[in-house]
Amino acid sequence: MTTTVITGIGELVTNDPARREQGGLLGLLPDAAVVVERSRIAWVGPGAEAPDADVRVDAGGRAVIPGFVDSHSHLVFAGDRSAEFEARMTGEPYTAGGIRTTVARTRAATDEQLTSHVARLVAEMRGQGTTTVEIKSGYGLSVHDEARSLAVARQFTDETTFLGAHVVPDGTTPEDYVALVTGPMLAAAAPHARWIDVFCEDGAFDVDEARAILLAGTDSGLRGRLHANQLTYGGGVQLACELGLAAVDHCTFLSGDDVSALESSGTIATLLPGVEFSTRQPYPDARGLIDAGVRVALASDCNPGSCFTSSMALCIALAVREMRMSPAEALHAATAMGAAALDRDDVGVLAPGNAADLVLLDAPSYVHLAYRPGVPLVAGVWQAGRPVVGTPS
Ligand SMILES: [Zn+2]
């Protein structure tokens, strides 16, 4: 059995709660080493105590962090909406309606075209340090196109989410469409999905429709997550808390009652600051949420309309600069909390037994992720113990 020891780690971010007393929120360990055995982490500790291994890799004093866990993306689509982006940047507002443009392009694409497009985006994410990604459907909006979107996504991740309830497609009524989503579409999608999601927003689905769709998904064995309170105040966040969903995403327009519900439910608030950046909307109040005791995750929301970035490092930089998160809070939110938002405890934390998903930064400290915005800092990536980016040596 081949084992690898990574030595010379100037700063190791473990996120291990057992290391918080000395290492703070990120469980930092200076002058550290990690031993990888097949797909798992076998040992973490001070470099001077590192056991021997078959292969040795010297990090050269640089920082190593857990791979990013991007818990919210929409990668199965065709075409782009750069013209819409340009129009928005020259004065037109963002609405949910642009989704229909992508639906037409996605329906017209072949399975092979969709697959190769997702492969390109997943590789782009991996190159920037993302080792776990959730991928939603939602640009098919027919029984056939939602099921095939999820089948395509399943080739790249176990964290697939059925988002048939993205918008009501042209040519049908909301009532008829909810019946389709909770009936034949759910039946066709469920074998390919772990999660069910709804875009609960003006112009998409209201709270009662979202509840009906989420409960139908739960009855089919899926777990729920929700897009809510992105563009307006509304009841979506409280619905997510009431139903005990793993995560509710966006949380840009929140009332005091919404924050209280999040704090007492344990549902994670996933913030997607790339969206506000790309749509010139106000940012969510991350500082207020964290200070109120709400668990906050960060994700990219990579999609062709409201935010076409795949960079978790950009999300961290925005969270620090625009949402007053500390660099440590932002990295923790992009790794351990992203994992929690997917109900995963085997990723996002570097501890023995967990997945060997690691990123070697070309920097002495994780702080550089926010301190050097826009600079590619990923020198190497191991995914399930395999070097997949760079040739760390
Ligand atoms: Zn989204």
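Figure 1. The model shown here and in every view is predicted: local features require pLDDT of at least 70 and side-chain atom pairs count only at pLDDT 80 or more, whereas totals for chains, interfaces and linings use all residues. Residues are numbered from 1 along each chain as its sequence is written. Secondary-structure elements are DSSP runs numbered from the N terminus, with helices being H or I runs of at least four residues and strands being E runs of at least two. His 227 is buried, having 29 other C-beta atoms within 10 Å. A residue is termed buried if 20 or more other C-beta atoms lie within 10 Å of its own, exposed if 12 or fewer do, and partly exposed in between, with C-beta atoms placed from the backbone. Apart from residues up to four places away in sequence, His 227 touches Asp 197, Val 198, Phe 199, Cys 200, Glu 201, Asp 249 and His 250. Contact requires that the C-beta atoms of two residues, placed from the backbone, lie within 7 Å.

**Figure 2. The binding-site group His 72, His 74, His 227 and Asp 301, as listed by UniProt in an unreviewed entry.** Although these residues span 230 residues in sequence, no two of their C-alpha atoms are more than 12.2 Å apart, so they gather at one spot. UniProt positions follow the numbering used here, feature names are shortened, and annotations may be inferred rather than shown by experiment. His 74 belongs to the loop between strand S6 (68–70) and helix H2 (82–89). This histidine, His 74, is buried, with 29 C-beta neighbours inside 10 Å. Beyond its neighbours within four places in sequence, His 74 contacts Lys 136, Gly 138, Cys 302 and Asn 303.

**Figure 3. The binding-site group Tyr 139, Asn 303 and Gly 305, taken from the unreviewed UniProt entry.** These three positions span 167 residues in sequence, yet no two of their C-alpha atoms are more than 11.3 Å apart, so they gather at one spot. Asn 303 occupies the loop between strand S15 (296–298) and helix H12 (312–323), and Gly 305 lies in the loop between S15 and H12. Asn 303 is buried, with 25 other C-beta atoms within 10 Å; Gly 305 is likewise buried, with 25 C-beta neighbours inside 10 Å. With residues up to four places away in sequence set aside, Asn 303 touches His 74 and Phe 308. Under the corresponding exclusion, Gly 305 is in contact with Arg 81, Glu 84, Gly 98, Ile 99 and Thr 102.

**Figure 4. Tyr 139 and His 166, which the unreviewed UniProt entry lists for a binding site together with Arg 81, Gln 230 and Ser 306.** Tyr 139 is located in the loop between strand S8 (135–136) and H5, while His 166 is located in the loop between S9 and H6. Tyr 139 counts as buried, with 31 C-beta neighbours inside 10 Å, and His 166 counts as buried with 27. Not counting residues up to four places away in sequence, Tyr 139 touches Val 76, Phe 77, Thr 102, Val 103, Thr 106 and Ser 149. The contacts of His 166, leaving aside neighbours within four places in sequence, are Ile 99, Gly 138, Leu 141 and Phe 199.

**Figure 5. Helix H6 (residues 174–189), with a span of only 19 Å between its end C-alpha atoms.** A straight helix of 16 residues would span 22 Å at 1.5 Å a residue, the expected span being 1.5 Å times one less than the number of residues. A kink of about 40° is located at Val 181 in H6, shortly before the proline Pro 184. The bend at a residue is the angle between axes fitted to the seven residues ending there and the seven starting there. The buried residues of H6 include Tyr 177, Val 178, Leu 180, Val 181 and Met 185. The buried residues of H6 pack against helix H5 (143–154), strand S9 (160–165) and helix H7 (207–219).

Figure 6. Contacts join 23 residues of domain 1 to 23 residues of domain 2. On the side of domain 1 that touches domain 2, two or more residues each come from strand S5 (63–66), helix H15 (368–371), strand S17 (378–383) and strand S18 (386–389). S17 gives the largest share of this side, 3 residues. By class, the side of domain 1 that touches domain 2 has 17 nonpolar, 5 polar and 1 charged residues. Ala, Val, Leu, Ile, Met, Phe, Trp, Tyr, Cys and Pro count as nonpolar, Asp, Glu, Lys and Arg as charged, and the others, Gly among them, as polar.
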